[in-house]
Amino acid sequence: FEEDLSRSSLETLAIIAYRSPISRAGVEAVRGVDSTYTLRTLLLRGLIERYENPADQRSYLYRPTFDFLKHLGLEKIEDLPNFPELSKKLEKLETPKEQESAEIIEQEKMSN
């Protein structure tokens, strides 16, 4: 990649990589914001591709390109790290203060 990707581009790319094929509406449901510009940028960079949604001809589905996978050293999408397992490892890297904050938020959710 010749230029660094923005945080929103990386987030969108990760969503597409792990949930493909996915529609724009699906990406936006996960992110919570309009992703039109970000999707267009990723398309122009050749990191994702879009194709007609067979279930709804009015929309498109997105998936990562072979070039994206090749850049990561992968041959197929199934070679991506297991997301739930990776998430657990990342949680262990959080600082004690971050863990404490997460526990307080979780307790507040349970009490409501």
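Predicted model: local features only at pLDDT ≥ 70, side-chain atom pairs only at ≥ 80, totals over all residues.
Some ground rules. Local features need pLDDT of at least 70 and side-chain atom pairs count only at pLDDT 80 or more, while totals for chains, interfaces and linings use all residues. Residues are numbered from 1 along each chain as its sequence is written, and side-chain values use heavy atoms, with hydrogens and water left out.

I'll start with H3, residues 36-44; helices here are DSSP runs of H or I with at least four residues, strands are E runs of at least two, and both are numbered from the N terminus. Thr38, Leu39 and Leu42 are buried in H3, buried being under 20% relative accessible area and exposed over 50%, with a 1.4 Å probe and protein chains only. These three sit on the same side of H3, because they cover an arc of only 100° around the axis, taken from the directions from the helix axis to the C-beta atoms. Tyr37 and Leu44 are exposed on the face turned away from that buried side.

What covers the buried residues? Among the elements are helices H1 (7-19) and H2 (24-31), and strands E2 (48-53) and E3 (56-64). Leucine 42, leaving aside neighbours within four places in sequence, is in contact (heavy atoms within 4.5 Å) with Leu5, Ser9, Thr12, Leu13, Leu47 and Ile48.

Now the core, meaning buried Ala, Val, Leu, Ile, Met, Phe, Trp, Tyr and Cys residues joined through side-chain atoms within 4.5 Å. The largest has 16 residues, and Leu13, Ile16, Leu42, Leu47, Ile48 and Phe68 touch the most other members. H1, H3 and helix H4 (66-71) each give two or more residues. H1 gives the most, with four.
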